[in-house]
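The following exercises concern the structure shown below.

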Amino acid sequence: MENQNYPLSRVVKLSLSPEHIEEFKEVWTGHRDAIADMQGCLSLQAFQDLGEHNIFFTISQWESEHALDNYRYSIFFKTLWSKVKPMFMAKAMAHSLQSI
């Protein structure tokens, strides 16, 4: 992206195996404050689809792409990802968005 001086929104769709829904919620609850406290994180939310209960979305806002990358390549993220990735029934879909 051309401009590095903007808030960046990151939307991630997570398709979980149904047997891991409650486990995922526990992991999320246990880690959300640490994610929100990462340098450059402006906001963080998670949502569960009302119709398909195994579909979750995380939406975070970051000061810049650089701040998001610092989180994505951190040891904290790699450790967390190793916990949740086995819970997926499909590959996570992530999108970085800039408001227009």
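**Exercise 1. Describe the setting of Leu-14.**

Solution. Leu-14 belongs to strand β1, where helices (H or I, at least four residues) and strands (E, at least two) are DSSP runs numbered from the N terminus. The model is predicted: local features need pLDDT of at least 70, side-chain atom pairs count only at pLDDT 80 or more, and totals for chains, interfaces and linings use all residues. Residues are numbered from 1 along each chain as its sequence is written, and side-chain values use heavy atoms, with hydrogens and water left out.

Step 1 is the accessibility. The relative accessible area of Leu-14 is 5%, so the residue is buried (buried means under 20% relative accessible area, exposed over 50%, partly exposed in between, with a 1.4 Å probe and protein chains only).

Step 2 is the surroundings. With neighbours within four places in sequence left aside, Leu-14 is in contact (heavy atoms within 4.5 Å) with Phe-24, Asn-54, Ile-55, Phe-56, Thr-58, Trp-81, Phe-88 and Ala-92. The C-alpha atoms of Leu-14 and Asn-54 are separated by 8.1 Å, although the two residues are 40 residues apart along the chain.

**Exercise 2. Is Leu-16 buried or exposed, and which residues is Leu-16 in contact with?**

Solution. Leu-16 is located in the loop between β1 (8–15) and α1 (21–36). Its relative accessibility is 0%, so Leu-16 counts as buried. Apart from neighbours within four places in sequence, the contacts of Leu-16 are Ile-21, Phe-24, Asn-54, Phe-56, Met-87, Phe-88 and Met-89. By contrast, a C-alpha separation of 28 Å is found between Leu-16 and Gln-39, which are 23 residues apart along the chain.

**Exercise 3. Classify the aromatic pairs of Tyr-71 with Phe-76 and of Phe-77 with Trp-81.**

Solution. A pair of aromatic rings is described by the distance of the centres and the angle of the planes. Rings of Phe, Tyr and Trp (its six-membered ring) pair if their centres lie within 6.5 Å; planes under 30 degrees apart count as stacked, over 60 as edge-to-face and the rest as tilted.

Step 1. The count under this rule is 6 aromatic pairs. For Tyr-71 and Phe-76, the centres are 6.5 Å apart and the planes stand at 45°, so this pair is tilted. Tyr-71 is buried at a relative accessible area of 9%, whereas Phe-76, at 26%, is partly exposed.

Step 2. Phe-77 and Trp-81 are stacked, with 5.5 Å centre to centre and 20° between the planes. Both lie in helix α3 (residues 75–84), 4 residues apart, about one turn of the helix. Phe-77 counts as buried at 19% relative accessibility; Trp-81, at 27%, counts as partly exposed.

Step 3. One aromatic cluster is formed by Trp-62, Tyr-71, Phe-76, Phe-77, Trp-81 and Phe-88.

**Exercise 4. Characterise the protein chain as a whole.**

Solution. The protein chain has 3 helices and 4 strands, in the sequence pattern β-α-β-β-α-α-β. Its radius of gyration, 14 Å, is close to the 13 Å that the globule rule gives for 100 residues, so the chain is as compact as a globular protein of that length; the radius is taken over C-alpha atoms, and the rule is 2.2 Å times the number of residues to the power 0.38. The C-alpha trace spans about 40 × 30 × 20 Å along its principal axes. Of the 100 residues, 35% are buried. Among contacts with a separation of 6 or more, 71% join residues 24 or more positions apart.
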